[in-house]
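Let's take a walk through this one together, from its charged pairs to its sheet. Have the viewer open as you read.

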Amino acid sequence: MTAWTDDPILRRLVSELATDAADVSDTVRRVLEHIDRTRRFEQSEARSQEAIALADAALGAGGRAVRNTVVREVGKRVADGRMTGEEAATIIRALTTADSYSANLPAATLDERVGPFYDTAGVLALLGIDCEALEVLVADRDVLVVDSADHFHLFPSFQFDEQAPLLPGLYDVLTRLDPAGEDAWGDAVWLNSQDQDLGGLSPAAALRTGRHDAVIRLAEQAGAFRSS
């Protein structure tokens, strides 16, 4: 039987996920960092299709919607040629069977990638509005809110700016990236992650520079990958 990878470090990291003593969130972080540090970026259409097929298989075979964020992180590395489909499938299988895995990126990692945050009182003061007006902005998807593990509303600060308080085009992006509004944390991670197609800017930063069409195009691609 052919080994699923010839990378001994990746084999060791994934084997750690099967141990009772594993810190799963830390191991996930080290897996992704190892891939990013040692593998060459090499995007291709064939790889993109492989990533889509992988995500479809992973989410359809025991995965849950909240696991989308990690699946996307793994899938992106298949799409850009840094990871094979077999490697990614093995990692996802290990994650779905790890008892200590929380089915989402760990809170500390999410905080690092999405934060800092405003609480509700901070956003009300920043925008100079009342709770009812804020509820309308959230319902209309003009403001993005995520829920903490203890069920507090948190508002990622990257979507606010002193010159233009609301992120221009956020509704247009979110309705393409996540039409059903099922993965707010994943949406926030995507919006705040640097993208080579945007010259290293995050989608949120690109929206503020007027690159609305480019961000919409990427959101449509990401949304199609997420829902496939």
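Some terms before we start: a residue is buried under 20% relative accessible area, exposed over 50%, and partly exposed in between (1.4 Å probe, protein chains only). This is a predicted model, where local features need pLDDT of at least 70, side-chain atom pairs count only at pLDDT 80 or more, and totals for chains, interfaces and linings use all residues. Residues are numbered from 1 along each chain as its sequence is written, and side-chain values use heavy atoms, with hydrogens and water left out.

Start with the salt bridges (a side-chain nitrogen of Lys or Arg within 4 Å of a carboxyl oxygen of Asp or Glu). There are 3 in the structure. Arg12, which is partly exposed at 42%, pairs with Glu16 at 3.2 Å, N to O. Both sit in helix 1 (residues 8-17), 4 residues apart, about one turn of the helix. Helices here are DSSP runs of H or I, at least four residues, and strands are runs of E, at least two, numbered from the N terminus. Glu16 also meets Arg30 in a salt bridge, at 2.6 Å, N to O. That pair links distant parts of the chain, with Arg30 in helix 2 (residues 24-38). Put together, Arg12, Glu16 and Arg30 form a network of salt bridges.

Now look at Glu220 and Arg176, whose closest N and O atoms are 3.2 Å apart in another salt bridge. Glu220 belongs to helix 12 (residues 212-227) and Arg176 to helix 9, so the pair ties together parts 44 residues apart in sequence.

Finally, find Gln159, in the loop between strand 3 and helix 9 (170-177). Gln159 counts as buried because its relative accessibility is 2%.
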